[in-house]
Amino acid sequence: MVGISGSPSGTSKSRALVEHTLGCFAARGASSELIDLAGLPADALLGRVTAPAVTTALETTTRARIVIAGTPVYRATYSGLLKLFFDLLPQDSLVGKIGVPIATGHAAAHALAVDHGLRPLFASLGATVIAAGVYGTSAQFQDGKPAAELLQAVDRAVREAWALAGAVG
Ligand SMILES: Cc1cc2nc3c(=O)[nH]c(=O)nc-3n(C[C@H](O)[C@H](O)[C@H](O)COP(=O)(O)O)c2cc1C
C-alpha cells in the first residue's frame with residue numbers, strides 16, 4: 001500500500017496520520033510506502049517537465065492495492081499539492097483499489113472536506129472509498145502526536161480498507 005502526503009509542512013499533522021496508518025497496515029504484514037509530495041520537484045508536479053521521482057511515485061501509486069491520501073484542509077478542501085499529483089494519475093488508474101481519505105484542519109466545521117473533497121477526488125479515478133474517512137482538528141494533536149480518538153478512527157479505517165481489499169477483485 002501507499003500513503004500520499006499532500007502537506008507542504010515539515011511538521012505535518014496529516015502526514016503523521018498517514019504514517020500511523022501505514023504502520024497499522026505494516027503490522028498486518030503489508031508492505032507500505034510513503035510518498036511525501038512536499039519532497040517532489042514542483043516543475044514535474046506542475047506537468048512542465050518530467051522527473052524520475054514523480055514518475056516513480058505515480059507508478060508506485062498505480063501498483064498499490066490500497067491508496068491512503070492525507071492532506072491539510074486548505075480553503076475548505078484538500079491541498080493544491082495533492083490535487084497536482086492526482087491530476088497526473090491516468091484516467092481510471094485507481095479502479096479496483098481502495099481509497100483511504102485522511103485530512104486535518106483547524107476547524108471541526110471543515111470535517112466535510114473528507115466527504116465533499118477527498119471522496120470525489122478518489123472516485124474520479126475509480127477508487128472504492130471506505131465509508132469511514134479520518135478527520136483530525138488541531139486540538140486533537142499534542143506536540144504533533146494524534147489523540148487516542150484519532151488513532152481509533154485510523155484503526156477503524158484500516159480494518160475497513162483491509163476487509164474491502166480482500167473483497168474487491
Ligand atoms: C493556506 C491555508 C489554508 C487553510 N484553510 C483552512 C480551512 O479552510 N479550514 C480549516 O479548518 N483549516 C484551514 N487551515 C489550517 C490547516 O488545515 C491545519 O492547520 C492543518 O491541520 C494543517 O495540516 P498539516 O499539518 O498536515 O499541514 C489552513 C491553513 C493554511 C496554511
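Predicted model: local features only at pLDDT ≥ 70, side-chain atom pairs only at ≥ 80, totals over all residues.
Biologist: Why is β3 called largely enclosed by the rest of the structure?

Modeller: Buried means under 20% relative accessible area, with over 50% exposed and the range between partly exposed (1.4 Å probe, protein chains only). Seven of the seven residues of β3 are buried, so the strand is largely enclosed. Ile66, Ile68, Gly70 and Pro72 cover one side, and Val67, Ala69 and Thr71 the other.

Biologist: What makes β3 and β4 a pair?

Modeller: A pair needs at least two DSSP bridges; β3 and β4 have seven and run parallel, so they qualify by that definition. On the same criterion, β1 and β3 are paired in the parallel sense by four bridges, including Val2 with Val67. Four bridges also join β4 to β6, again parallel, and Ile102 has Val134 as its partner in β6.

Biologist: What makes the set around Leu37, Leu82, Phe85, Phe86 and Phe122 a nonpolar core?

Modeller: The term requires buried Ala, Val, Leu, Ile, Met, Phe, Trp, Tyr or Cys residues joined through side-chain atoms within 4.5 Å. The largest such set has 32 residues, and those five have the most contacts inside it. Elements giving two or more residues include β1 (2-5), β3 (66-72) and α4 (80-88), while α5 gives the largest share, five residues. A second, separate core of 21 residues includes Met1, Ile68, Ile98 and Ala161.

Biologist: What makes the lining of the largest pocket mostly polar or otherwise?

Modeller: A pocket is an open set of points on a 1 Å grid over the protein atoms alone, where a 1.4 Å probe fits, with protein on both sides within 12 Å along at least five of seven lines; lining residues have an atom within 4 Å of a point. The largest one holds about 180 Å³. Ala, Val, Leu, Ile, Met, Phe, Trp, Tyr, Cys and Pro count as nonpolar, Asp, Glu, Lys and Arg as charged, and the others as polar; the lining has three nonpolar, eleven polar and one charged. Closest to the centre are Ser7, Lys13, Pro72, Tyr74 and Thr104. At least two lining residues come from each of α1 (13-27), β4 (98-105) and β6 (134-137).

Methods
Residues numbered from 1 in each chain as written. Heavy atoms only, no water. Points joined across faces, edges and corners; volume = space filled by probe spheres on them.
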